[in-house]
Amino acid sequence: MITISPGHYKVGSGAKGLIDEVTEARKVVTTVKEHLIKSGVACHVVVDNVSNSQKENLQYLIAKHNATKRQLDVSVHFNAISGQTNRALGVEVLYFNDKLKIFAQKMSAAIANAGMLKNRGAKKRTDLAFLKGVHMPAILIEVCFVNSTV
């Protein structure tokens, strides 16, 4: 079982640019859930429609993830830089525990290949509340940059 959630809590609460992170992350989570179920993988989705701040959102997502029986937690996000760019910035997968490094590398490569995106690879992050707060192995996927045209 995988528990997956889009980051943030309402449109405009995440990165904004050519696309809105919250809107697009919710679309990605819905599509991933459909593919997982078709592949025989149980999937639970957590979507936050109640929080009013980043702190509330992180507490909500972590609590809901931790309340499910699962083997993996996944949080879907979109990255951003200042201003619009036509540089290929790509996908990266963040992880907390070194045991997930190879898995994160494979996920980043697979997403990059599927989306014809630059592969920025796996990056260890020990400072992110979601990755620190969930009790099961977890990754945070930065699908692409909201302000890159490629």
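Helices (H or I, at least four residues) and strands (E, at least two) are DSSP runs, numbered from the N terminus. What you're looking at is a predicted model, where local features need pLDDT of at least 70 and side-chain atom pairs count only at pLDDT 80 or more, while totals for chains, interfaces and linings use all residues. Residues are numbered from 1 along each chain as its sequence is written, and side-chain values use heavy atoms, with hydrogens and water left out.

Let's start with the overall layout. The chain has 4 helices and 6 strands, and if you walk along from the N terminus the elements come in the order β-α-β-α-β-β-α-β-α-β. The C-alpha trace spans about 40 × 35 × 30 Å along its principal axes. How does the radius of gyration fit a compact globule? For 150 residues such a globule would have a value near 15 Å, and the chain comes in at 14 Å, which agrees. (That radius is taken over C-alpha atoms, and the globule rule is 2.2 Å times the number of residues to the power 0.38.)

Of the 150 residues, 42% count as buried; buried means under 20% relative accessible area, exposed over 50%, and partly exposed in between, with a 1.4 Å probe and protein chains only.

Now to the middle of things. A nonpolar core is a set of buried Ala, Val, Leu, Ile, Met, Phe, Trp, Tyr and Cys residues joined through side-chain atoms within 4.5 Å. The largest one here has 20 residues, and Ile4, Val74, Val76, Phe78, Ile139, Ile141 and Val143 touch the most other members. Strand 1, helix 1, strand 3, strand 4 (91-95) and strand 6 (138-145) each give two or more residues to this core. Apart from it lies another core, of 8 residues, among them Leu94, Leu128, Ala138 and Leu140. For a close-up, pick Ile141: leaving aside neighbours within four places in sequence, its contacts are Val74, Ser75, Val76, His77, Glu92, Val93, Met107 and Ile111.

(The expected span is 1.5 Å times one less than the number of residues.) Its buried residues are Asn57, Leu61, Ile62 and His65. They cover an arc of only 120° around the axis, so they sit on the same side of helix 2; the arc is that of the directions from the helix axis to the C-beta atoms. That buried set packs against strand 1, strand 3 (72-79) and helix 4 (129-133).

Helix 3 tells a similar story. Its 15 residues should span 21 Å, and the end C-alpha atoms are 21 Å apart, which agrees. Which residues of helix 3 are buried? They are Ala104, Ser108 and Ala112, and they fall within an arc of 65° seen down the axis, so they line one face of the helix. Strand 4 and strand 5 are among what covers them. On the face turned away from the buried side you'll find the exposed residues Ile102, Lys106, Asn113 and Ala114.

Just after helix 3, Met116 takes a positive phi of about 55°. Met116 lies in the loop between helix 3 (101-115) and strand 5 (119-124), and it is exposed, with a relative accessible area of 77%. His8 also isn't a glycine, yet has a positive phi of about 80°. His8 belongs to the loop between strand 1 (2-6) and helix 1 (21-38), but it is buried, at 16% relative accessible area.

Finally, the two ends. Met1 lies before strand 1 and is partly exposed, at 32%. Its C-alpha atom is 4.6 Å from that of Ala42, 41 residues along the chain. Thr149, in the segment after strand 6, is partly exposed too, at 42%. Not counting residues up to four places away in sequence, Thr149 touches Leu18, Gln84, Thr85 and Asn86.

Key: Contact = heavy atoms within 4.5 Å.
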